[in-house]
Number of protein chains: 2
Amino acid sequence: MAPAETARKAPTRTTPKRTRNPERTREDILRVATTEFADKGLSGARIDEIAAKTATTKRMLYYYFGDKEGLYRAVLANAYQEIRHEEAQVDVDHLDPEAAIRAVAEITFDHHEAHPDFIRLVAIENTHRGENLAAIEGIAETQRPAVETLDRILARGRELGLFRDDVTPLDVHILISSFCVFRIANRYTFGTLFDWDLTAPENRTHLRTMLGDVVLSYLRSNTGHDD
Amino acid sequence: MAPAETARKAPTRTTPKRTRNPERTREDILRVATTEFADKGLSGARIDEIAAKTATTKRMLYYYFGDKEGLYRAVLANAYQEIRHEEAQVDVDHLDPEAAIRAVAEITFDHHEAHPDFIRLVAIENTHRGENLAAIEGIAETQRPAVETLDRILARGRELGLFRDDVTPLDVHILISSFCVFRIANRYTFGTLFDWDLTAPENRTHLRTMLGDVVLSYLRSNTGHDD
DNA sequence: CGAACTATTAACTATCCAGTGAGTTAACTC
DNA sequence: GAGTTAACTCACTGGATAGTTAATAGTTCG
């Protein structure tokens, strides 16, 4: 193949000013891709559309993230990392066990409400059977602190004879998470089917209190064999 | 004995036997499309692939369902209808209120486990903001019986002084649903993050009992202002 | 400075994929 | 058994879309 004189014309200079800033470019792409993937899903999102919404070009997405899936994984990893940072701020060890449980429940509740995009990404990732999350190095460590916090609270509560002793931190976590995730993730179909808005202010308040009541009444109940 | 059937028809006939059966064709498409949409999502599923897995051709999908979204909606409507039929079988009115609550919880638990594809479709529909479900005529009526059943149980429990009186049937439904849906819908990311399989047999048994305990201890708790 | 490297731009391509045009045959009607 | 309609087949299309090729310009560092 004799690479003859390429007929490709030289690109005409349109943008005279061009500053380099790899970090900003990367963050720009990641930010746009996050909302786009959260909005449309992995297969629903369009690379061209993501690129169009950034200050850079499509080619840069591939330059930095390899391919569509690579970009999606970066978005996922980034989202979990941001969540971790935020959660690291929480401290409930100074509260008595019952107040601490209620605080954790309410913080989780508020947190999920404040990050619907994150909930959407999690739902999307689960429809893909979590394969991309599993591929992210050290992702499990992200969630340790949450379980450890619950573990400390439960231990204190048991010592004081307030809580039943056959409940694990993971049990409590599942109970709280399921409630909070469901409220955000399934609000659309739920709203249609039951004509009841899980996120309407008055309902929100009700559910927030209810969650605390639920978890505490379960922890206080004497034994698992209650009938 | 293989009879020489090969020479029985005119050579120009490409499809020697072709029986018409619109109902079967339609059901065939719907069946394949259901698993395909549940598996890959609305944007992830491929019309060509769905068609390939049916006994008919792509053109027929369009003949019967108009377009991809029309097929998806038919799948959704059909899935909800089947679920309704199954749930209509349940009768817990002969049980005492506490046993009835536990029965509803466990039936829901088992039901979700038995229909992961349905849970997936619901999750997918929620990532699409429930627009397609909302477009299905009379879909809300589907869920009435579930709430009515809970309403009857709660009324009986209140009369006997067993349950607190500020809990609505929808509250209980949310509590049960969120737990059961979460366990199936989020099992992948949860499994990765906490190294704990929500669907493993021993964990399943534990969670199933726990859910009943949670709902009952909440209903038995004296009042909402418990601190 | 200038060579080497990194970031960036623009144009291009191959394939995928939802949707169609147009005709054919089975079954039903009278 | 001719006419009509519903069910069905086959081949095709054009636009969308992930990913690439290759040239260019800012940055770094000897």
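This section describes the confidence, symmetry and DNA-facing surface of a predicted model.

For chain A, the mean pLDDT is 90, and 90% of the residues score at least 70. Residues 1-17 of chain A have a pLDDT below 50, and this stretch makes zero contacts in the model apart from those with near neighbours in sequence.

Chain B is superposed on chain A by a rotation of 180° with a shift of 0.0 Å along the axis, giving an RMSD of 0.0 Å. The two copies are therefore related as by a two-fold rotation axis. Both copies use the same surface, in that 100% of the contact residues of chain B recur in chain A.

An unreviewed UniProt entry lists residues 23-83 of chain A as "domain: HTH tetR-type". In the model, this span is 80% helix and 0% strand, and its end C-alpha atoms are 21 Å apart.

Around DNA strand C there are 25 residues, of which A:Thr25, A:Arg59, B:Ile47, B:Asp67 and B:Lys68 come nearest. By residue class, the surface near DNA strand C comprises 12 charged, seven polar and six nonpolar residues. Both chains supply helices to this surface: at least two residues each come from helix 1 (22-40) and helix 3 (58-65) of chain A, and from helix 2 (47-53) and helix 3 (58-65) of chain B. The most is given by helix 3 of chain A, with four residues.

Definitions and conventions:
Residues are numbered from 1 along each chain as its sequence is written. Chains are lettered from A and ligands numbered from 1 in the order in which they are written. This is a predicted model: local features need pLDDT of at least 70, side-chain atom pairs count only at pLDDT 80 or more; totals for chains, interfaces and linings use all residues. A residue is near a molecule or strand if its C-beta atom, placed from the backbone, lies within 6 Å of it. Ala, Val, Leu, Ile, Met, Phe, Trp, Tyr, Cys and Pro count as nonpolar, Asp, Glu, Lys and Arg as charged, and the others, Gly among them, as polar. UniProt positions are given in the numbering used here, feature names are shortened, and annotations may be inferred rather than shown by experiment. pLDDT is the predictor's confidence in each residue, from 0 to 100. Two residues are in contact if their C-beta atoms, placed from the backbone, lie within 7 Å. Copies are superposed by least squares on the C-alpha atoms of residues with pLDDT of at least 70 in both.
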